[in-house]
Amino acid sequence: MSYQINTITPEQESRFPEWVEKWVNIGLSTEPIDFNKAKEDVCSIYKAIGLKTPVVLYAQSPYEAVVIGNVARLYINGLIKTGCFPPQVASQVASQVWSQVASQVASQVWSQVWSQVGSQVGSQVGSQVWSQVASQVGSSNNFTNEFKNILKQNYSDFRYGSINSSWYSYISFLRDVLGWENNILKTHQYNESLAQNSLLTWYHDNVAVVCDRPLIIRRNVRSELHNESGPALEWRSGEPMYCINGITVNEKIVIAPHTQTIEEIEAELNNDVKSIRIERYGWMRYLKDIRAGLVDKRNNDIDNTKEALFITPNGLKRFIATCPTGKLVSLSIPNEIQTCEQAQFWLANDVDKKYNVIGRT
Amino acid sequence: MSVAFLEELETYVTSIRRSLPKIGPGNPFRFSEASSLNDRVWQGDLGITITNTIPADFVKVDKVTNKHLQLVPGNTIGSKHCLTTSVGVELWVPPVFNDESLIGPCIKCLQDTSIEHPTHGTVTIPAGFMIQCTYQRNLDQIQKVEIRARD
């Protein structure tokens, strides 16, 4: 029978906070998973989409999941073509949602439940985890080039569990509170159950690796991964992830920032990381150590920033500016630049002053 | 003198962090419907510029999908400048698009379109406008490439 959900009652709306709390807690849990339960869910998913029962393995970090999964694949089958678990269940659910729940109702649940859970779990913790795996795969020097290439090809074949709790909060709210019914939910329930019992799962056609939750997650008030005295996230395998205000940095920047050298700071190519490096080293100490002299300063009323141009004894120019996000940044500038205004035009690749900057955020 | 000005900068940054009026962190920005050609807003190091021209060598993306939403190459948090939806946008990409690019996608917005970032404010482009993405120059990166080329 075809039907559409068109309204949300005040009673239903009043349950938004409950849903957000429940799924944020799931997304940020550091309790160990029940692997046997997770294994059952994985097997149910494979059965539901017509695949044979896979070998289900356990990993303590996403990177470990990729490595273990690929080793198992090679062991069982040798090199085989990519045939990972298709994300078809999610896409089928999504299409059913859009057709059976009026768009404004779906949007309301999306903005009140999905986005609030997502902003605390997926966009902060999830994206950092993803970056770490990509980086680890890229720099995994313990393996042969052949195996590294395999890792690069399929490291992203993850199906997110608790790390994607926003999705499950959204669908379960539609189902449990708004009364949405659909046959596809039978299959979805295995994913939802798995989400409550795994961080994520690396899938392939005959191997699945369930990844346990982290041991430690530390965040700042904006929900960004953050710890100024140790790992912001630590896997059960002991692998740490160091982050300052959501930016991934190395251990030294967190644990012993005073031992950084000027050479290390100046060699940093990522401006966000460089800003953190100098802040933790000490801006005063940094300017003193590079023996910087002030060349120009100004209030940039359009960008709403304050800027200064410094020169070191060996002629290097450093443009230091405030950022609307509350950071100071230090940027290298060519020697011929004499003013803060020229520095901004050089950075913008607009020395002809063709463009009208009307704001910065 | 330089120390005094640095103290001034640090005071200013502190005021931003405390979200004092007018200079709160990550304030959203919406281009006005009266925006002109070449008007530009910086969302961190992503320049978003009103344009009416698609560079000749750009390639139109037949079907804009989630993988096209991120407008800055890379896996770092700083590179997560993302369109909020693939619906209602037409998108052209440069022939070479990597972390050394200074020019990025060109986007025609058929409906109001927003670009989000984890720390910077959301930038909204009204329906009917076309934008060009550009990136801030990085001298250290340029010199590194030049050194690599010389090696």
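User: Hi! How far apart are the end C-alpha atoms of helix α9 of chain A?

Analyst: Hello! The ends of α9(A), residues 165-176, are 16 Å apart. At 1.5 Å a residue, its 12 residues should span 16 Å, so the two values agree. The expected span is 1.5 Å times one less than the number of residues. Helices (H or I, at least four residues) and strands (E, at least two) are DSSP runs, numbered from the N terminus.

User: Anything I should know about the model and its labels?

Analyst: This is a predicted model, in which local features need pLDDT of at least 70 and side-chain atom pairs count only at pLDDT 80 or more, while totals for chains, interfaces and linings use all residues. Residues are numbered from 1 along each chain as its sequence is written, and chains are lettered from A and ligands numbered from 1 in the order in which they are written.

User: Thanks. Why is α9(A) said to be largely enclosed by the rest of the structure?

Analyst: Because 10 of its 12 residues are buried. Buried means that 20 or more other C-beta atoms lie within 10 Å of the residue's own; exposed means 12 or fewer, and partly exposed is in between, with C-beta atoms placed from the backbone. Among the buried residues of α9(A) are A:W167, A:Y168, A:Y170, A:I171 and A:F173.

User: And at what angle do the axes of α2 and α9(A) cross?

Analyst: Roughly 145°, and the axes of α2(A), residues 16-27, and α9(A) come within 9 Å. Axes are lines fitted to C-alpha atoms, for helices over the stretch in contact, and angles run from 0 to 180 degrees between N-to-C directions. The crossing is right-handed, where right-handed means that the near helix is turned clockwise from the far one by less than a right angle, and left-handed means anticlockwise.

User: Which residues of α2(A) and α9(A) meet?

Analyst: From α2(A) there are A:W19, A:W23, A:I26 and A:G27, and they meet A:S165, A:S166, A:Y168, A:S169 and A:F173 of α9(A). By class, this contact has five nonpolar, four polar and no charged residues. Two residues are in contact if their C-beta atoms, placed from the backbone, lie within 7 Å. Ala, Val, Leu, Ile, Met, Phe, Trp, Tyr, Cys and Pro count as nonpolar, Asp, Glu, Lys and Arg as charged, and the others, Gly among them, as polar.

User: Nice. What are the buried residues of α2(A)?

Analyst: A:W19, A:V20, A:W23, A:V24, A:I26 and A:G27. They cover an arc of only 155° around the axis, which puts them on the same side of α2(A). The arc is that of the directions from the helix axis to the C-beta atoms. A:P17 and A:E18, on the other side of α2(A), are exposed.

User: Why would residues three or four places apart point the same way?

Analyst: Because an α-helix has 3.6 residues a turn.

User: Switching to the two chains: how many residues does the contact take from chain A and from chain B?

Analyst: Chain A gives 45 residues and chain B gives 46. On the chain A side, the largest share is six residues from helix α7, residues 122-138. That side divides into 21 nonpolar, 18 polar and six charged residues.

User: How many helices and strands are there in chain A?

Analyst: 15 helices and 13 strands. Of the 361 residues of chain A, 44% are buried.

User: And in chain B?

Analyst: Chain B has two helices and 10 strands. Buried residues make up 32% of its 151 residues.

User: Is A:R291 buried or exposed?

Analyst: A:R291 counts as exposed, because it has 11 C-beta neighbours inside 10 Å. A:R291 also has a positive phi of about 50° although it is not a glycine, and it lies in the loop between α14 (283-289) and β9 of chain A. Most residues other than glycine have a negative phi.

User: What about phi of A:K353?

Analyst: Phi of A:K353 is positive too, near 55°. A:K353 is found in the loop between α15 (340-347) and β13 (356-360) of chain A and counts as exposed, with 10 C-beta neighbours inside 10 Å.
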